There are 4 protein chains.
Amino acid sequence: MGTEPAHPLERLIFFSDAVFAIAITLLVIEIHVPHLPPEAGDLAHVAALANLIPAFIGFFISFAVIGAFWAGHHRAFSLARHYAPGLLLPNLTMLCAIAFMPFATAYMSGNFGETVPHALYNGLLLVTASLNLRLVRKVTGVPYVGAEASVEEVALTRARPWGVILAAALALIMSFLAPQWSQFALVTIPLWMMMAIRRAKARMAAAA
Amino acid sequence: MGTEPAHPLERLIFFSDAVFAIAITLLVIEIHVPHLPPEAGDLAHVAALANLIPAFIGFFISFAVIGAFWAGHHRAFSLARHYAPGLLLPNLTMLCAIAFMPFATAYMSGNFGETVPHALYNGLLLVTASLNLRLVRKVTGVPYVGAEASVEEVALTRARPWGVILAAALALIMSFLAPQWSQFALVTIPLWMMMAIRRAKARMAAAA
Amino acid sequence: MGTEPAHPLERLIFFSDAVFAIAITLLVIEIHVPHLPPEAGDLAHVAALANLIPAFIGFFISFAVIGAFWAGHHRAFSLARHYAPGLLLPNLTMLCAIAFMPFATAYMSGNFGETVPHALYNGLLLVTASLNLRLVRKVTGVPYVGAEASVEEVALTRARPWGVILAAALALIMSFLAPQWSQFALVTIPLWMMMAIRRAKARMAAAA
Amino acid sequence: MGTEPAHPLERLIFFSDAVFAIAITLLVIEIHVPHLPPEAGDLAHVAALANLIPAFIGFFISFAVIGAFWAGHHRAFSLARHYAPGLLLPNLTMLCAIAFMPFATAYMSGNFGETVPHALYNGLLLVTASLNLRLVRKVTGVPYVGAEASVEEVALTRARPWGVILAAALALIMSFLAPQWSQFALVTIPLWMMMAIRRAKARMAAAA
């Protein structure tokens with residue numbers, strides 16, 4: 001590596017990874033640890049943990065969601081080879097939404113089944129997913145993308161973010177109809193993602 | 001390094017390192033800092049610290065355990081040379097269990113000697129160790145492992161995770177019999193690890 | 001990469017990135033999550049969120065400010081190619097001010113409109129921006145800067161930190177006159193930055 | 001970088017950097033943010049900040065101390081070129097002591113002037129500094145050190161850790177005599193360091 005420091009793109013990736021990693025790990029400190037009196041007994045402990053089920057659900061959903069955003073960031077930036085300062089703002093904006101996830105998670109978990117907390121969480125998810133789509137499109141386009149990235153790879157990488165966008169939109173609508181079930185709308189993420197990928201493939205086949 | 005960003009495997013390792021590092025460092029903020037009135041005196045301070053002994057024990061055990069998982073991750077991934085997206089999910093699942101450790105630690109430390117908190121901690125440890133075994137096997141296999149990794153290195157690296165699995169299983173059983181002593185079962189980690197390594201060596205000798 | 005570890009400059013950059021990333025992500029845990037009784041109703045939730053508006057404003061301002069400092073650090077260090085221990089102290093001092101931002105943000109957000117909290121925040125910002133200017137000048141000078149960095153690049157990189165310095169000075173003055181509006185002075189950051197860049201260009205044109 | 005992931009030494013350095021960065025940034029969240037009623041007035045705010053002076057002192061001392069340990073780690077590992085698993089345990093043990101610093105800092109700051117909190121802090125510092133000396137000696141010795149590291153560089157790098165060891169020992173003694181002044185003993189760190197460096201130089205001159 002000699003006397004040359006890291007590539008500017010690498011440093012941007014590195015900083016993003018750190019923010020993803022911290023946000024995903026901070027989720028757990030919003031779960032309040034039960035402290036029961038020593039004579040409480042096993043049933044009281046089981047009951048205390050049962051009360052935390054919404055907090056555990058929130059933790060696992062947000063861990064999966066942030067993990068999925070990280071995986072998408074990883075995939076999109078693996079196609080990039082060039083750096084320009086224009087990447088900074090869309091990347092920072094997307095990270096800002098990620099950094100806000102621990103708050104939205106704790107608020108939703110602590111008030112499970114209420115309209116406003118679920119709407120805030122799912123709305124934030126929709127915003128994050130849209131910022132993610134913008135970023136993925138930018139980094140897989142000129143001047144960032146590497147010459148060796150195939151048109152197909154780029155098209156599929158750009159199709160994937162639609163998975164979270166559509167699932168979050170569905171969850172946001174459900175927040176107003178049946179808030180306590182709205183989070184389960186997120187299990188449709190792989191479904192929408194597969195549909196978007198299939199559509200991108202069909203388009204490419206039509207173009208060829 | 002020219003215009004080429006980091007290898008995708010390196011970025012996955014990097015992200016994992018950050019999650020390990022944050023989880024291991026967050027352990028300390030679950031220990032409640034005693035604030036005594038100015039006239040409290042030295043004995044009151046010593047008593048306040050003595051009350052925190054379970055919290056200190058929990059901190060050191062979890063630091064050692066997360067450190068051991070990190071060391072195993074480090075060892076296994078040092079044999080890998082190739083990246084494929086199939087690595088993401090087993091790695092994220094394992095990190096999710098690691099990220100949950102500060103909660104389980106604080107719950108166990110704050111309710112030391114109770115069955116449920118110790119069972120939760122040791123059960124989580126057993127789950128984490130099993131997810132770790134799955135990940136280590138995956139990353140030291142095709143298509144991830146490098147051609148220069150010897151059969152022996154791979155076999156020994158795959159044997160090591162059994163140390164925490166067996167010790168955590170023992171600790172989990174003890175959580176129901178003598179919870180206050182169950183954590184001490186974890187001192188048997190090196191013992192089981194050595195046994196697993198010896199068995200792997202014996203197998204290789206038999207195969208040769 | 002063979003048997004050679006990272007360049008010392010890279011490790012310093014890495015450590016700085018981690019501190020920036022942690023400080024920017026910790027901002028959110030200072031926002032207190034509302035926990036309302038189940039029968040509270042949507043209006044009560046909206047009111048609880050409305051009460052947090054200063055906290056949200058503080059989060060976004062500080063996210064933008066720390067992000068801007070990180071971007072400036074990124075830009076300045078991308079011109080550096082050489083390492084010497086003299087870089088450690090100005091870099092650590094600047095990171096110390098960054099690490100203090102979550103406290104100043106929470107104090108300002110929690111006491112929005114009061115003179116002292118706004119003055120502390122904006123004063124800290126002025127100190128951080130001045131330490132940043134010192135660091136940027138150092139790292140874009142001998143012996144750190146790379147031979148391929150042009151005089152123009154260096155001059156523009158050194159002009160940029162004046163944006164936050166001047167805006168923070170204005171915000172600090174406003175903290176004593178109209179504290180509740182003082183944070184809005186920070187929207188002038190791009191304005192001062194553009195003026196400083198224009199002045200640097202004019203100087204270079206005059207010198208040429 | 002081709003298909004080769006990072007050097008194992010680099011990953012160990014990276015993980016250590018992350019722990020240092022998190023510990024140094026977590027210091028601030030142990031400072032309790034004052035929330036005063038809106039009608040409190042400026043004097044009440046100044047008084048609330050004045051009450052936090054011990055917390056601010058603790059933050060700055062610990063930031064400087066962890067920063068100094070990081071700088072020493074940086075310097076020692078910049079001489080290393082080879083990796084062996086024997087490095088893991090002394091490195092993790094040292095990081096464990098670093099990760100414990102936010103607790104000791106908050107306990108000392110929150111009970112400023114009391115013997116036990118100052119003794120705990122300074123005792124932890126002495127332990128950390130001793131673990132650091134062991135690690136620095138190990139990593140600048142066979143088989144870790146690079147062939148190009150000069151005898152003089154190694155000797156000076158090994159002399160430096162004595163600065164914190166001797167200052168922490170002095171501070172620990174003072175904790176029992178005049179606890180409220182004991183932290184100021186740490187300003188002698190550069191003094192002891194210079195003495196240790198001078199002694200190492202004298203020894204080398206005598207040997208030559």
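A residue is called buried here if 20 or more other C-beta atoms lie within 10 Å of its own, exposed if 12 or fewer do, and partly exposed in between, with the C-beta atoms placed from the backbone. The model is a predicted one, in which local features need pLDDT of at least 70 and side-chain atom pairs count only at pLDDT 80 or more, whereas totals for chains, interfaces and linings use all residues. Residues are numbered from 1 along each chain as its sequence is written, while chains are lettered from A and ligands numbered from 1 in the order in which they are written.

As for confidence, pLDDT is the predictor's own confidence in each residue, on a scale from 0 to 100; chain A averages 92, and 97% of its residues score at least 70. The model as a whole scores ipTM 0.91 and pTM 0.94. Where pLDDT is low, the predicted coordinates should not be read in detail.

Chain A contains nine helices and zero strands, where helices (H or I, at least four residues) and strands (E, at least two) are DSSP runs numbered from the N terminus. Taken along the principal axes, the C-alpha atoms of this chain fill a box of roughly 65 × 50 × 25 Å. Of the 208 residues in chain A, 53% are buried. Two residues are in contact if their C-beta atoms, placed from the backbone, lie within 7 Å, and among contacts in chain A between residues at least 6 apart in sequence, 80% join residues at least 24 apart.

Helix 9 of chain A, to return to it, covers residues 189–207, and its 19 residues reach 27 Å from the first C-alpha to the last, close to the 27 Å expected at 1.5 Å a residue; the expected span is 1.5 Å times one less than the number of residues.

The next topic is how the chains meet. The contact between chain A and chain B takes 35 residues from chain A and 31 residues from chain B. On the side of chain A that touches chain B, the elements giving two or more residues are helix 1 (8–26), helix 2 (42–51) and helix 3 (53–77) of chain A, and helix 1 of chain A gives the most, with 11 residues. That side divides into 22 nonpolar, eight polar and five charged residues, where Ala, Val, Leu, Ile, Met, Phe, Trp, Tyr, Cys and Pro count as nonpolar, Asp, Glu, Lys and Arg as charged, and the others, Gly among them, as polar.

The contact between chain B and chain D takes 35 residues from chain B and 31 residues from chain D. Helix 1 (8–26), helix 2 (42–51) and helix 3 (53–77) of chain B each supply at least two residues of the side that touches chain D, and helix 1 of chain B gives the most to that side, with 11 residues. Chain B and chain C, by contrast, do not touch, and their nearest C-alpha atoms are 9 Å apart; chain A and chain D likewise do not touch, their nearest C-alpha atoms being 9 Å apart.

Superposition, done by least squares on the C-alpha atoms of residues with pLDDT of at least 70 in both copies, relates the chains. Chain A can be laid on chain B with an RMSD of 0.0 Å by a turn of 90° and a shift of 0.0 Å along the axis, yet the copies use different surfaces, as 20% of the contact residues of chain A recur in chain B. Chain B can be laid on chain D with an RMSD of 0.0 Å by a turn of 90° and a shift of 0.0 Å along the axis, which is the relation of a four-fold axis. Only 20% of the interface residues of chain B are also interface residues in chain D, so the copies meet through different surfaces.

A last local feature concerns the backbone. The peptide bond from Val142(C) to Pro143(C) is cis, with omega near 5°, and Pro143(C) has its place in the loop between helix 5 (115–139) and helix 6 (151–159) of chain C.
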